[in-house]
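Please open the model in your viewer and keep the sequence panel beside it. The tour below goes from one selection to the next and says what is to be found at each stop.

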Amino acid sequence: MPLADHLRELRNRLAKAVLALTVVSVAAAFYSQQLMEFLSSPVPRCTKGLGETTGGACAVIAYTDLLSPFTTTVKVSVMAGVIISSPIWLYQLWAFVAPGLHRHERRYSYYFVSAAVPLFFGGAWLAYTVMPISMRVLLGITPDGSANILPMDKILDFTVRMVLIFGAAFELPLLLIMVNLTGLVTGRRMLGWWRGVVMGVFIFGAVATPTTDPFGMIALAGPIIVLYFIAVGVCVLNDRRRRRSDPDAELDDDEASPLDLTPQDLGEVERVSVSRVLPGQVRGSVDGTPSPRHNGYDDVT
């Protein structure tokens, strides 16, 4: 299509995606109270209020300013709209990109999405599972005689950040398999990186998780390491399949083929019989003058 048609299609796709996001966000606003209860449920709440100080045993959820309830409700509603309407706006994105892809590229895209979605939700579920333990550890540092007052917007930011970090980290093995499918890195080479990968994953878990306790780091790094070795196993099997179909598949484009340059005896030379004299050779040279011949060829030849 011409550029103007592409821009019009992009405008229509974006309009449909924004309309779906708006409708779902407005609908989610009616259930914002339940959504905020769900997102803040990992926090151990104090049932006696602020009258008694309980140290790090629990916390009180509060709104710190006048606009905080409204802004928190809008934030939760939009976030729920983005997640719930994701099938619609992802389809609009795919419908705009898919016509420019080859058949095998679309097939790989289907495989990628079918594996990426369960991995992301698996990481999100793990984050929501370990958050109560992490919050209890963090709140446990509070000295006796003091109370914890947690703003609601900070709790939501903490929850969303944990879910996104865990979900995105679970996509790492899938990216490794995609790189292997392109032929850039072999499974054997990935296996040789395991020491550095294990150290890097633990460092990433310590930096990425907002908590300061080691449990959050181990909860994030442990599953990623297991998924890494599973991905390496898949890459090794894929390399074996590739070698069976094409023995030269793993050769680099600039890599020279192994050649045996050892001189060998040619053995007995086979003599070739002389072919018949061509008509032009019988008549002589081009200008008609006779020239000496030897087995049908002139002296120059």
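**The whole chain**

Begin with the entire protein chain in cartoon view, bearing in mind that this is a predicted model. The chain has eleven helices and four strands, and buried residues make up 30% of its 301 residues. If you display contacts between residues with a separation of 6 or more, 74% of them are accounted for by residues 24 or more positions apart.

**Helix 3 against helix 6**

Next select residues 68-84, which form helix 3, together with residues 152-169, which form helix 6. The two pack at an angle of about 20 degrees, with their axes 10 Å apart, and they are therefore roughly parallel to each other, as an angle under 35 degrees counts as such. The crossing in which helix 3 passes helix 6 is left-handed. To see the contact itself, show the side chains of T72, K75, V76 and M79 on the helix 3 side, which meet M152, D153, L156, D157 and V160 of helix 6. By residue class, this contact divides into five nonpolar, one polar and three charged residues.

Stay in helix 3 and centre the view on T72. Is T72 buried or exposed? With a relative accessibility of 1%, T72 counts as buried, because the cut-off for that class is under 20%. Beyond residues up to four places away in sequence, T72 touches M152, D153 and L156, and also M36 and Y63.

**Helix 2 against helix 6**

Show M36, L39 and S40 in helix 2, and you will find them meeting M152, I155, L156 and T159 in helix 6. The residues of this contact divide into five nonpolar, two polar and no charged.

**G81 in helix 3**

Return to helix 3 and select G81, which counts as buried at 0% relative accessibility. Which residues is G81 in contact with, once its neighbours within four places in sequence are left aside? They are L21, V24 and S25. A distance drawn between C-alpha atoms will also show that G81 and A28, although 53 residues apart in sequence, are 6.7 Å apart in space.

**C58 in a loop**

Now move to the loop between helix 2 and strand 1 (60-62), where C58 is found. C58 has a relative accessibility of 10% and so counts as buried. Residues touching C58, not counting those up to four places away in sequence, are P44, R45, C46, L139 and N148.

**Helix 7 and the residue after it**

Finally, select residues 172-181, helix 7, and colour P173, L174, L176 and N180, which are buried. Turn the view so that you look down the axis of helix 7: the buried residues fall within an arc of 155 degrees, so they line one face of the helix. Just after helix 7, stop at G183, whose phi is positive at about 85 degrees.

Notes: Residues are numbered from 1 along each chain as its sequence is written. This is a predicted model: local features need pLDDT of at least 70, side-chain atom pairs count only at pLDDT 80 or more; totals for chains, interfaces and linings use all residues. Side-chain values use heavy atoms; hydrogens and water are left out. Axes are lines fitted to C-alpha atoms, for helices over the stretch in contact, and angles run from 0 to 180 degrees between N-to-C directions. Angles under 35 degrees count as roughly parallel, over 145 as roughly antiparallel, 65 to 115 as roughly perpendicular and the rest as oblique. A crossing is left-handed if the near helix is turned anticlockwise from the far one by less than a right angle, and right-handed if clockwise. Contact means heavy atoms within 4.5 Å. Ala, Val, Leu, Ile, Met, Phe, Trp, Tyr, Cys and Pro count as nonpolar, Asp, Glu, Lys and Arg as charged, and the others, Gly among them, as polar. Buried means under 20% relative accessible area, exposed over 50%, partly exposed in between (1.4 Å probe, protein chains only). The arc is that of the directions from the helix axis to the C-beta atoms.
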